[in-house]
Amino acid sequence: MAIDYEQEVGSAKVEQKFLYESGNEMAAYAAHQINYHVMGYFPISPSTEVAQFLDTMKASGQHDIMLVPSDGEHSSAGICYGASTAGGRVFNATSAQGYMFMLEQLPVQAGTRMPMVMNLICRSISGPLNIHGDHSDLYFALNTGWPILMCRDPQSVYDMNLMALKLAEHAKVRLPVMVASDGYFTSHQKRRVQAFAHREDVHKFVGEQPPAGFTDTLDRNNPVTVGPYMNEPDYINNRYQQSVAMYNAGEVFEEIAQEFAELTGRHYPMIEQYRMEDADVAVFLMNSASEIIKDVVDQLRLQGIKAGAISPNMIRPFPQKQIAEALKNVKAITVGDRADSVGGHGGNMVNEIKAALFTYGNTTTKVISRIYGLGGKDFYAEDGHHFFQLAIDAVVADRVEIPFDYYGHNPGTPDKAPKRLLKPMSFESLKTGLITVKQNEETGKLSVKVPPIRSLMKKPRRLSPGHGACPGCGIFSGLELFFKGIEGDIVALYHTGCAMVTTTGYPYSAHKSTFIHNLFQNGAATLSGVVEMFWERKRRGELDGLGLQEDFTFVMVTGDGGMDIGMGPAIGAALRGHKMIIVEYDNEGYMNTGAQQSYSTPLGHRTSTSSIGKTQQGKVTQHKDTAQIMAATNIPYVFTGCEAYPQDLLKKAAKAQWYAQNEGLVYGKILIACPLNWMSEDKDGTNIVSLAVESCFFPLYEVEQGTTTITYNPEEKDKRVEVAAWLKTMGKTRHLLKPENEPALRAFEGEVQRRWNRLKAKHEHPDL
Amino acid sequence: MVQLPIVNDLGFFEIRLESIGGLGANLAGKMLAEAGVVGAGLNGVSFSSYGSEKKGSAVKAHIRFCDLNTPIRDTSPVERPHVVGVFHEALAKTVNVTSGIHEQSTVLVNSAKTPEELKELLKMKAGTIAVIDATSIALKEKNRVNMAMLGALFRLCPFLDTATMKDVIEKSLGKKYPQAVESAITTFDRGYNEVKFMQFELAAGDSMPEYVRSDIGVLGFDTQSIGGSIINPGSTFLKNLSISRSGMIPAYENEACIHCAQCDTVCPDQCFVWEERIDRKGRSQMFLTGIDYQYCKGCLKCVDACPTSALSSQREKEGYADTHTVHHQFDLITQV
């Protein structure tokens, strides 16, 4: 990926080279040159690539950062925090919901003064879910106590990442530092970038090792108590120290930026001013949009308008003095905030700029506030012209007509308003009576009768056609089959994942009955709430007029790693015993975010964060046995299934419904194919999951009231195949069949056999 | 340094690729940009439209080239392209692929049609149409559509050097798929050599259509229901997913069908249409009547699942889906 140019690199004192890379690539490139000790991470768009690039580089031996795939951002932040107390260098990258999930950890990191560097690849926060770029996550960072460096393009992502570490570790600062760049606009756009040619020069700049003499939980001769219980009157003094350190960070950054400029020829003052020397009107924007506006300034200058643009390279500490100074002679400025502080009469930036002007006695510059570009809405040059026009109008009128407003929103036209198209599915069509479930009075166990699948074609599908999943996606064949076994009405809740995003792309929904999406990790808790409200409102007689003929069956659908990040809430819901089903479509990875490893990814399987290279051959740990974990919560019913054994899955769905309506929580796992990321043919999915069953990697069984029954035993049917027969069907596993990977293959086979043996023992002994 | 044939006000030569996820337009865009920046010594930027839409749905890639002294500040999508590359001609049905073109623009289409037919299909008033049958080339050479398209795009970008590109192909594919290098280069060459051009003048008195910004939603703050809830359940049935098919289609032969529903069980896209009838023994029974191709993405799982010869796969011929589709009957509130 590196491209060397034999070109002059300006006045730089350090040897540099040209690369053609995106912001995410440059964040990873800087991190690999620094060679951090530890990165704890969790996939979320658009920041995930940073970990992916680092994993690829690690697999080819380019660095030795310990990359720790966590079970959610709260954990990734915890891993990073723990690592940062332990004396080494720590790195992370996240976005939006990931940032929100780790938020609790961040002031702790700052308040206990543990340096690290985290890249925030800015993205809008839910809900509704939006994966594109704005600054709504960034604005939550303003009060965490982290210095925040801003990046307008891939070059500054690289540069800031080098300066951030030096800033964080500085004796006068000792704070974790955030490096913020714009999701997609910067993270995914490739540009020509200059980078240090030699790692030694990077180390010379940031220091070979972190400075000594600070908290180190691994220093056995100097035991230390980190994170004590501290009430008044001491806490305010801790916070004062932190405040001093934060303001120091501003001064220290300027020193570092100076040193960096001498080395590289690239200088980052706290605020960047473009043609501001004599500007009458100005626009303030941050990051990527602050580059576009420069073209607008140039165009306006050609027309004789004294326009200028201003943007910060650092927003914590806020460059109050520098901004006041820059605006001293400006007649009007439009401040664009790419996130709202809802109800605050302006976004965070405009209000801080107004405070800066007031503090420095400037009561004449007119300030216009506009919220723009939310959720990744593009910022075009013509939008920049509009912002300048607002400032020009204010100068001409000597007043600001509309001090605060949104820009780029539109009312829509009434004739395009959504209209209800489909009738609700009739209850009779859903309650066919074709499936019967009876409880054996003696054993308490259920016996189920299902008809040939052909008869069930009569039942309406729960989903409309037209969803946006990939060709050959196993999710919806698996889910529809499962739903065929459920009679009557359902309310469904899907975790964030492929099934959710491909069925709910606004303004369309594939769901014919009520559907809820909340967050990636919180579905089980959310559906618990819906279930309890159902029973409570039913008890109060409040549902009588709503057309309900029989109780709803509440179904939560999860997958794409949702049972990693959502494990805690799922176990909580199981232990509380809500009457609901959790069904997991297991595609063996975080396929929704670009095929990162999840805990259900088996040993040796290739994903975008378990790469294949000379130092690594796929995932290094064994797969999570979620069904057994859920069975250990002693819920009434646990099952596994797949579309290759339809009758088996239908029966389990019917049982699941009975238990979820009569006893409590049910968990089921359906193995489904992901042709794109399993690197298999679209048409092969059914066959591949079938081989997973026949190789005993994915046994079909159920745990009913604590008793395990294998519902399909390939050994008894003489159908058992080698694990390799399954692995050779997928591009993500073919490397495991090479002679050099034989130890990994044997280890995996051994684990499959061990789990299968244990399952057979459970099958034979009802007490196990 | 090489000379760009034409640039806009900001100094950019702009390319937009219109494709569906999975055809490799994103990769082609990256390689094209790399050829300009690394090979030709230009300044450049490249990016794709990103969403959570998956393989098979419409995507765009954007490339800007300029000379080394031109700063690249613009991050917005290419709205006024000098070159458009359409990776799948059926895209024209659902996407305005020629949005924002100039009279001087060239629109390259992966198609077996003639330029005249394409002008009609794309409703182009003027401009140059370039045609390459990339799908046939890719099938023949056992390589990917994007390589043939890339070859043709190189013809449209004379400032790029094909030798460098072959080098890039070798390097980028060589690591992961060394066996694919040779066929990729042949496919690229065929794309370069076999592209056909035809220029169409603007009729006297006529003007090119105004471009419409791509970031204006159909619904607005007066028409969205609050909180983003969708009050129109099941509305995805309005969508047409036929562009997701990449050449192959399942064909259904009713006579050979035993109505076992194996196909429906494995179908990810709810394509199979059933009806309830009385069978020979006088019982009410479900019968498969056909496939609603509007939703079929051509994965062919059903063909694998079919125990008889009722389902088979074939190369999709123009018009086949339209003439053979059996539509789902939706229970509409008002029949339209």
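# Reading a predicted two-chain model

User: How many aromatic pairs does a search of the whole structure find over all chains?

Analyst: Searching the whole structure gives 32 aromatic pairs over all chains, and please keep in mind throughout that this is a predicted model.

User: How should I read one such pair, for instance the rings of Tyr158(A) and Phe196(A)?

Analyst: A pair of aromatic rings is described by two quantities, the distance of the centres and the angle of the planes. For Tyr158(A) and Phe196(A) the ring centres lie 6.4 Å apart and the planes stand at 55 degrees, so this pair is tilted; the reasoning rests on the cut-offs, since planes under 30 degrees apart count as stacked and those over 60 as edge-to-face. The pair links distant parts of the chain, with Tyr158(A) in helix α7 (residues 154-169) of chain A and Phe196(A) in strand β8 of chain A, 38 residues apart.

User: Turning to the interface, what area do chain A and chain B bury between them?

Analyst: The size of an interface is often given as the accessible area lost when the parts come together. Chain A and chain B bury about 7900 Å² between them, and 57% of that area is on carbon and sulfur atoms. Of the area that chain A buries against chain B, 10% is supplied by Tyr380(A), Arg454(A) and Pro465(A), more than by any other three residues. Counted by residues, 85 of chain A are in contact with 84 of chain B.

User: Which polar links cross between chain A and chain B, and how many salt bridges are there between them?

Analyst: There are nine salt bridges between chain A and chain B, and one of them joins Asp383(A) to Arg213(B), whose closest N and O atoms are 2.7 Å apart. Across the same interface, 40 residue pairs are found in polar contact, both partners being at pLDDT 80 or more. Among the elements giving two or more residues to the side of chain A that touches chain B are β8 (191-196), α10 (288-302) and α13 (381-397) of chain A, and α10(A) gives the most, with seven residues. The residues of that side divide into 35 nonpolar, 25 polar and 25 charged.

User: Where do Arg539(A) and Glu536(A) lie, and how far apart are they along the helix?

Analyst: Both residues lie in helix α18 (residues 523-539) of chain A, three residues apart, which is about one turn of the helix.

User: Which backbone features deserve a careful look?

Analyst: Most residues other than glycine have a negative phi, and most peptide bonds are trans. In this model a cis peptide bond joins Ser126(A) and Gly127(A), with omega about -10 degrees, and Gly127(A) lies in the loop between β5 (117-122) and α6 (136-141) of chain A. Another cis peptide bond joins Arg316(A) and Pro317(A), with omega about -5 degrees, where Pro317(A) belongs to the loop between β12 (314-316) and α11 (320-327) of chain A. Arg174(A), although not a glycine, has a positive phi of about 50 degrees, and its place is in the loop between α7 and β7 (177-182) of chain A.

Key. Residues are numbered from 1 along each chain as its sequence is written. Chains are lettered from A and ligands numbered from 1 in the order in which they are written. This is a predicted model: local features need pLDDT of at least 70, side-chain atom pairs count only at pLDDT 80 or more; totals for chains, interfaces and linings use all residues. Side-chain values use heavy atoms; hydrogens and water are left out. Contact means heavy atoms within 4.5 Å. Buried area is the accessible area (1.4 Å probe) that two parts lose on being put together, summed over both. A salt bridge is a side-chain nitrogen of Lys or Arg within 4 Å of a carboxyl oxygen of Asp or Glu. A polar contact is a pair of N or O atoms within 3.5 Å; within protein, one must be able to donate a hydrogen and the other to accept it, and residues adjacent in sequence count only if both atoms are side-chain atoms. Helices (H or I, at least four residues) and strands (E, at least two) are DSSP runs, numbered from the N terminus. Ala, Val, Leu, Ile, Met, Phe, Trp, Tyr, Cys and Pro count as nonpolar, Asp, Glu, Lys and Arg as charged, and the others, Gly among them, as polar. Rings of Phe, Tyr and Trp (its six-membered ring) pair if their centres lie within 6.5 Å; planes under 30 degrees apart count as stacked, over 60 as edge-to-face and the rest as tilted.
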